[in-house]
Amino acid sequence: MSDLIPTGGGERRLSAAEFQQLATVPAAAEWFANIDNPRTRRAYQGDLADFCNFVGLTGAEEFRAITRAHVLAWRAQLEKRGLAGATIRRKLAALASLFDHLLENNAVAGGNPVHGVKRPRIESNEGKTPALGDDQAKMLLTAPDGWTLKGIRDRAILAVLLYHGLRREEAAQLMVGDMQERRGIKHLKVKGKGGKTRYLPLHPVAAERIHAYLEKDNKREPGNDSLFRSIRGRTTGSGISANGIYTVVAQWAKAAGIKVEGLGVHGLRATAATNALEHDADIAKVQEWLGHANISTTRLYDRRGQRPEDSPTYKVKY
């Protein structure tokens, strides 16, 4: 194994061309093609490149020589690098998935070398994706001013995030035409992960703030423009970026005196989901609302069993 696994500063790195040689195995090329989500495909490609870098693969024929010992050594190196358990699980899952496919197509012999390799336990998102309390959410919603274009725009952005649980990319991609009537109710047409579209009823507070913003932003050209536009620098008039959405959250959280470590747009998503669940929303409907492929992801936001007021402490009577 030592001839395949480099050590120290001599760790080899594959060029893009060398890594692409793996696709000369027809089954491997087919496996990549079957991953519909481009973000997942990029992540898995990076995971496999990481593995190939580690063991020093230069071609598809060497890929067939991989053993469980190689995978164990890779996992140990990933842990040594301090990667999160979820990241290590994904990397091992990518490798295992590819080997399953290669075995099904007789492209490799023997068993799957990843099977039996222990993966980190799934960790709770509690504490990692912080959710705001109701009072903090109200403070954030009222932090921007209500008279400048930027303040009015940011009030609308924060309302869309906190009342609909959008990802920052989803909020950035919203167009004016994505506010649509469905059965007499105004909805937001949200373009989610994997090209999936979902329609969310537009909350009255968000609707009012969006209307005020569009009235104030009176330099728009007619047509289906970006809903939230940049108002400063060279990008003025173009759609706000996902990073711009993050900056809005960070700026106004600081202005409101909200000190929550790690708070970002995903924290507002967690806040919206937690609030909806605490007010008796059906968890399956919250799953659809958030655009989660798996309900287990939605359960990470279900903190109803962790409310102090529900603790048996308050049931004890003497």
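G291 touches R167 and R198, leaving out residues up to four places away in sequence. Keep in mind that this is a predicted model.

Q: Where does G291 lie, and is G291 buried, partly exposed or exposed?
A: G291 belongs to the loop between helix 13 and helix 14 (295–299). Buried would need under 20% relative accessible area and exposed over 50%. With a relative accessible area of 30%, G291 is therefore partly exposed.

Q: How far apart in space are G291 and G165, C-alpha to C-alpha?
A: In sequence, G291 and G165 are 126 residues apart. In space, the C-alpha to C-alpha distance between G291 and G165 is 9.6 Å.

Q: How many helices and strands are there in the protein, and what percentage of its residues count as buried?
A: The protein has 14 helices and 3 strands. Of its 318 residues, the share that counts as buried is 41%.

Q: Among contacts between residues at least 6 apart in sequence, what percentage join residues at least 24 apart?
A: Contact here means heavy atoms within 4.5 Å. Take the contacts in the protein between residues at least 6 apart in sequence; the share joining residues at least 24 apart is 61%.

Q: Are helix 12 and helix 13 roughly parallel or roughly antiparallel to each other?
A: The axes of helix 12 (residues 265–278) and helix 13 (residues 283–290) come within 10 Å and cross at roughly 155 degrees. Angles over 145 degrees count as roughly antiparallel. Helix 12 and helix 13 are therefore roughly antiparallel.

Q: Is the crossing of helix 12 and helix 13 left-handed or right-handed, and how many nonpolar, polar and charged residues does their contact have?
A: The crossing of helix 12 and helix 13 is right-handed. On the helix 12 side you'll find R269, A272, A273, A276 and L277, and they meet I283, V286, W289 and L290 in helix 13. By class, the contact of helix 12 with helix 13 comes to 8 nonpolar, no polar and 1 charged residues.

Q: Which loop holds D280, and what is the phi of D280?
A: D280 sits in the loop between helix 12 and helix 13. At 69% relative accessibility, D280 counts as exposed. Most residues other than glycine have a negative phi. D280 is not a glycine, yet its phi is positive, at about 70 degrees.

Q: What is the phi of R183, and is R183 buried or exposed?
A: R183 is in the loop between strand 1 (179–182) and strand 2 (185–191). Its phi is near 55 degrees, a positive value in a residue other than glycine. At 88% relative accessibility, R183 counts as exposed.

Q: How is helix 8 oriented to helix 11, roughly parallel or roughly perpendicular?
A: The axes of helix 8 (residues 149–164) and helix 11 (residues 242–255) come within 10 Å and cross at roughly 100 degrees. The range from 65 to 115 degrees counts as roughly perpendicular. So helix 8 and helix 11 are roughly perpendicular.

Q: How many nonpolar, polar and charged residues does the contact of helix 8 with helix 11 have?
A: Helix 8 brings K150, R153, D154, I157, L158 and L161, while helix 11 brings I245, V248, V249, Q251 and W252. Sorted by class, the contact of helix 8 with helix 11 has 7 nonpolar, 1 polar and 3 charged residues.

Q: Is I152 buried or exposed, and which residues does I152 touch?
A: I152 is part of helix 8. At 11% relative accessibility, I152 counts as buried. I152 and H211 are 59 residues apart in sequence and 9.9 Å apart in space, C-alpha to C-alpha. Not counting residues up to four places away in sequence, I152 touches D145, G146, W147, A212, Y213 and K216.

Q: How are the rings of F51 and W74 arranged, stacked or edge-to-face?
A: The count of aromatic pairs comes to 2. In one of them, F51 and W74 have ring centres 5.0 Å apart and planes at 70 degrees, so the pair is edge-to-face.

Q: Which helices does the pair of F51 and W74 tie together?
A: F51 and W74 are both buried. They are 23 residues apart in sequence, and the pair ties together parts in helix 3 (residues 38–55) and helix 5 (residues 68–80).

Q: Which residues is R75 in contact with?
A: R75 lies in helix 5. At 18% relative accessibility, R75 counts as buried. Leaving aside neighbours within four places in sequence, R75 is in contact with I88, L92, V117 and K118.

Technical notes: Residues are numbered from 1 along each chain as its sequence is written. This is a predicted model: local features need pLDDT of at least 70, side-chain atom pairs count only at pLDDT 80 or more; totals for chains, interfaces and linings use all residues. Side-chain values use heavy atoms; hydrogens and water are left out. Axes are lines fitted to C-alpha atoms, for helices over the stretch in contact, and angles run from 0 to 180 degrees between N-to-C directions. Helices (H or I, at least four residues) and strands (E, at least two) are DSSP runs, numbered from the N terminus. Angles under 35 degrees count as roughly parallel, over 145 as roughly antiparallel, 65 to 115 as roughly perpendicular and the rest as oblique. A crossing is left-handed if the near helix is turned anticlockwise from the far one by less than a right angle, and right-handed if clockwise. Ala, Val, Leu, Ile, Met, Phe, Trp, Tyr, Cys and Pro count as nonpolar, Asp, Glu, Lys and Arg as charged, and the others, Gly among them, as polar. Rings of Phe, Tyr and Trp (its six-membered ring) pair if their centres lie within 6.5 Å; planes under 30 degrees apart count as stacked, over 60 as edge-to-face and the rest as tilted. Buried means under 20% relative accessible area, exposed over 50%, partly exposed in between (1.4 Å probe, protein chains only).
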